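User: I am new to this structure and would like to learn how to read its features one at a time. Could you take me through them slowly?

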Amino acid sequence: MFGYYLDLAVRSLRRSKVLTALMVLAVALGIGACMTTLTVLHVLSGDPLPGRSGSLYFPQLDPRDTVGYVPGIEPPEQLTWIDGMNLLRAKRATHQALMTGGMVPLQPAQTNLDPFHANGRYTTADFFPMFGVPFHYGSGWSSAEDDSKARVVVISTALNDKLFGGQNSVGKTLRLQEADFRVIGVLGDWRPDPHFYDLNMGAYADYEEVYLPLSTSRDLHMEHDGSVDCWGDGGGEQAKLEQSTCTWMQFWVQLDTPASVADYRSFLQHYAEDQHASGRFARPPTMRLRNVPQWLEYKQVVPSDTRLQAWLAMGFLLVCLINTVGLMLAKFMRRAGELGVRRALGASRRALFGQLLLESGVVGFVGGVLGLLLALLGLWLVRQQPSDYAKLAHMDSAMLLTTFAIAVLATMLAGLLPAWRACHIAPALQLKA
Amino acid sequence: MNLPPIIAALRKHKAGVVLIALQIALTLAIVCNAIFIIYSRVENVQRPTGMDESNLLLVEQQWVGAPSGDDAASIQKQDSMLREDLAALRAMPGVSSVTPINTIPLLNSTWGGAVALKPGTDLRGGDARTVFYYGDDQVLATLGVHLVAGRNFNAGDVTNKAFRDNSEPDVVIITKALADKLFPKGDALGKGIYLNGDTKPSTIIGEVERLQVSSNSSWVSAFTWNSTIGPVRLNSNFARYAIRTKPGQLDTVRRGVSNLLYRVNPMRVIDDEDGVRSFADIRAEAYRADVGMAVLMGVVCLILLAVTAAGIVGLTSFWVGQRHRQIGVRRALGARKIDILHYFQLENLLIAGVGAVIGIGLAIGLNLLLIQNFEMDRMPVVYVLSGLVVVMVLGQAAVFVPARRASNVPPVVATRSA
């Protein structure tokens, strides 16, 4: 029966080519626009570390003075050195890492390469196990290297390719900021998007090329880049960042169970109260503990233009579908005579309804295929844009299936009313004429 | 032409009528909001920065191996490297003036801060927010901004300080917009203002006509024209230079400037792509998202209108076919061609009118939603009205073809059985 209905549907669609083309085009345009914007939105609001992000938390404290205080104000989005170090040493979580970033001058040993600045991350040892960073060669460092301000460095695959031709470079020497560093690890393929652990460097920006111990970076006076927010007499001078009243550190902790989250929350609250009691925190003690999804939501990482475009495209799809309902209604009602004959010959309303719905499904399928091509074209256009997330705009298999499902389902939904109306035509009236 | 028969006929096609009306309503709502978005973006993109934007280059470079400390010796070393570069750039053929600069309009690298009339009031307590530009005595000439009151900086005003040193300059030039905000009586010249909560005043020695702040994001929209210029060379291990070239020399200077700087001191990094940019590039980069959004909105509007028109043509054609015989009867009873044409036109006017009324409500609702979620402004009524005109005209244009076909139905049809 399915095959017969399919045949009927194709025949009927071919009979009125212009109307069919209009319907298919409307569905395709709607689906194409919708899927392009939804794919971009899907990519940008993706989970940076699937399976892990729910148990990674970002503690926030408010060490600022009372100038500008209003009740309920959000604490700063980074920590001071003192608070970061206190929380790090408390070791209340499964893993914890204190970090910041900067550009590191790199002098390649190869004479054919000019010196350049590498994008660096200065962090404590837990960064690698906590974020589940894969290694191609070697490994990260331990807290012993943190304590001894060791001159060790972990490099990205891209940098390893550039400097060492992709060879195992563990044990080789890298010259950073006029000092020799020993390469102890080469990262595997690792690029969580967005760059959740430090959004100040651009949410979809390029990734770090060198990772080295935080203590070493301070020891060698490496340049700190990123946001520095100071108050009171804090000057933000590079050399005095440890003592100054400025927030400039990111601190992440891993908390695996709800109980440990609750414990950490109360620990943070007590810490804030202690600091307030001792006079270091001028404001009433406050703290926040957000995990990665909450943090990305709070920071509104997805550009508002992207969300606006997605809404616009969905409105567009809605109009296209209403249009398809109208055209389908015209098409089905025009065939009242034919349907009357089929009814008179014994086809049940159900059968007729099924047949018409299948016909709209065919329109949806063809529209979906065309819409998919349009969406691929749309994504290609997005990738030509220079914004830093543009290169991420690719369709994955989930979005591909969604495209088809939406196209076929939406068109069949659009076919419901016309099909229902058409199969309620009185057969006698049609046969008489 | 009587309305009652039309309404009576429409009652027989409830589904089709509702669909067309709904489609017109949604199209109206989306199109007038989209046009409003296009207009606000284009308005943003077109405003002048206040500089003479032609013949202007920005060079960004970083020294490798320069001292990075904030101690006096490092700062003096950094400053001598900076002055060495400036001297070389000023001697370059085709260059008319050069200034070191921390940032320029639309670069989206911003030194934000506050201005207050009382000492010791910082950002939250200050009288106005501002963005700081730091250059030397050639800064006004290089940027091409117009001094409307007071005097320009002279060589004696220029000082140097570490990049992160938060002491403030003794003298400043501010934009007229900022001066008028701080001193509504227009007597800003010679007055002292307190920058970033400083306890020592900086004296206003001049006012420039207009200078946009260095960002075009939404967070600066409240103080877009509040710029403050200080005569300070900022010392760090990197520097930016703004270069005004002689007319027609932009490309020559642009090509030669990296090599010149490498000859002065090879130990530096100048990015191949972004190291040397013309202001036109910076402007295009800053507004790329806005232009992209405007184009996208425009395309969507056009397609939306086309789809709606196609829908009207499709359904009206179907109605014409359905009423083929009735039209014949009317013609046989004495109706002229023009009467039939008018019948369908009026019918469409009625449906589109109802759709448009619903659409106005939807448009305003959509605008309120956008205001709530996307920091949009309230849409002026003129957009709704012009959207209304557009969809009504669209409806009439779309209905014309099927209506013409209907008017051509010959009266003889009435005598045939269907």
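User: Into which domains is chain B divided?

Analyst: Please keep in mind that this is a predicted model. Chain B is divided into domain 1, which covers 3-45 + 287-415, and domain 2, which covers 65-266. Taken over C-alpha atoms, the centres of these two domains of chain B are separated by 55 Å.

User: How many residues of chain B are in contact with chain A, and which elements do they come from?

Analyst: The size of an interface is often given as the accessible area lost when the parts come together, but here we can count residues in contact. On this count, 37 residues of chain B are in contact with 43 residues of chain A. On the side of chain B, the elements that give two or more residues are α2 (14-46) and α7 (279-322), and α7(B) provides the largest share, with 16 residues. Sorted by class, this side of chain B has 20 nonpolar, 12 polar and 5 charged residues.

User: How are helices α2 and α12 of chain A placed relative to each other?

Analyst: The axes of α2(A), residues 17-44, and α12(A), residues 349-383, come within 7 Å and cross at roughly 40°, and the two helices are therefore oblique to each other. The crossing in which α2(A) passes α12(A) is right-handed. Residues making this contact include Val27(A), Ile31(A) and Met35(A) of α2(A), together with Gly367(A), Gly371(A) and Leu374(A) of α12(A). By class, the contact between α2(A) and α12(A) has 15 nonpolar and 8 polar residues, with no charged residues.

Notes. Residues numbered from 1 in each chain as written. Chains lettered and ligands numbered in written order. Predicted model: local features only at pLDDT ≥ 70, side-chain atom pairs only at ≥ 80, totals over all residues. Axes fitted to C-alpha atoms, helices over the stretch in contact; angles between N-to-C directions. Helix = DSSP H or I, 4+ residues; strand = E, 2+ residues; numbered from the N terminus. Parallel < 35°, antiparallel > 145°, perpendicular 65-115°, else oblique. Left-handed = near helix turned anticlockwise from the far one by under 90°. Contact = placed C-beta atoms within 7 Å. Nonpolar A, V, L, I, M, F, W, Y, C, P; charged D, E, K, R; others polar. Domains from an automatic or database assignment.
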